[in-house]
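Dear colleague,

Please find the structure we discussed below.

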Amino acid sequence: MGLKRRSGTKNPPIFSSEFFIQNHADIISCISMVFVIGLLFQVSAPIASVFVAMHHNVTEALEPSDIVLYTYGRQDVCVITFYFLIAIVMHAILQEYALDKLNRKLHLSKVKHSKFNESGQLLVFYLISLIWGGDIILREGYLLNISKLWQDYPHNEMTFMFKFYFIVQLAYWLHCYPELYFQKVKKDEMKPRIIYTTLYLVFLTAAYVLNFTRIAICLSVMHYLVESVFHTARLLYFAEKSKAASYGFTIWNGLFVLVRLGSITLSVLTFWYGLALQQAASVMDIASGNFNTQLIRINCLVAVCLLQAWMMWNFINFHLKRMRERAAQIASSKKKALAKKEKKLKKDELKKASEEDVNELPEVDQNTKKDLRARTGVAASPKAKRN
């Protein structure tokens, strides 16, 4: 499916950087269709299925009611690559048919335009992941029985939707790197985006490889809930819905702190208490997927706690910065109001002095001065009146 191009823009030279940026969605969608069409032919189907279908299943569905379980393996790299391409195409479709139209209606500045696009893209992904991950948590029964997060470890067997969730997560965060180039993100905005994208990739990849997927999906859903509220409030702010945005940021402030505390509590229960009760291994067993060693558990717990502390530190600094900006704004407005008041008082004093000088003159001169002042609309200075 080709995306619409803006009218009135000149076509750049083929093979140029600008041409690739403008047409990257069409080019990548054509590459993706090669894999899909390859499934239709017997010759190319085995190769195409490596990129499209899920692999490393450990059970087979002999009957429709049977559940197929999967583990991870090398072929997951090919599947992640395919959905990495799909993520780029979906990003471009959402940008072209939704966010660009909203931007034209709102008439945002260049800075707000970039932040609006970022929040719009992330909000859609967070909401999909929140609903998808929440459904998996309910189906697996982690919400009502929290001990399932560490029972029967190693958790190297996953259902199709469970594994597909992590494949999509890794593919999406990988696609954020080329999007910095496709969206022409400014250098000063690149650093924070690269930092949070890298953090997502590192933690999700570690959880997927070390078979800590159960605790990872719970922590990710909790985090995505907070981020969904934040980016919703941010979009409302850009849309000049100040009252609704204020409520949204207030809810985000409360949820952010609660989720940070909840994430640390859940991690301590899983890594420090729950997994320690399971059959711990002296060394990690890659063949069986058992990474339940004391060293790995402590490192995972420390990593999660440090991440939550870092996010909390940024949260506190953000609010302190806003408080300083508000205090400076209030002080500036008070200074302006005081200067305006002093100017008005000086004007009233000059007017009063002028009237007193007029009253000191004889009655005929007073009437003459008043008539002159009424005609010209300007009060004569006291010195001029004495002369």
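Glutamate 118 and arginine 234 form a salt bridge, with their closest N and O atoms 3.7 Å apart; the term denotes a side-chain nitrogen of Lys or Arg within 4 Å of a carboxyl oxygen of Asp or Glu. This pair links distant parts of the chain, since glutamate 118 lies in helix α4 and arginine 234 in helix α7 (residues 213–238), 116 residues apart. Helices here are DSSP runs (H or I, at least four residues), numbered from the N terminus. Glutamate 118 is buried at 14% relative accessible area, and arginine 234 is buried at 15%; buried means under 20% relative accessible area (1.4 Å probe, protein chains only).

The model is predicted: local features need pLDDT of at least 70, side-chain atom pairs count only at pLDDT 80 or more, and totals for chains, interfaces and linings use all residues. Residues are numbered from 1 along each chain as its sequence is written, and side-chain values use heavy atoms, leaving out hydrogens and water.

Glutamate 118 also meets arginine 193 in a salt bridge (3.7 Å, N to O). Arginine 193 sits in helix α6 (residues 187–209) and glutamate 118 in helix α4 (residues 110–140), so this pair ties together parts 75 residues apart in sequence. A network of salt bridges links Glu118, Glu189, Arg193 and Arg234.

Across the whole structure, the search finds six salt bridges. One of them joins lysine 163 to aspartate 76, with 2.9 Å between the closest N and O atoms. Lysine 163 belongs to helix α5 (residues 160–182) and aspartate 76 to helix α3 (residues 76–106), 87 residues apart. Lysine 163 is buried, at 0% relative accessible area, and aspartate 76 is buried at 3%.

Kind regards

Key. Helices (H or I, at least four residues) and strands (E, at least two) are DSSP runs, numbered from the N terminus. Buried means under 20% relative accessible area, exposed over 50%, partly exposed in between (1.4 Å probe, protein chains only).
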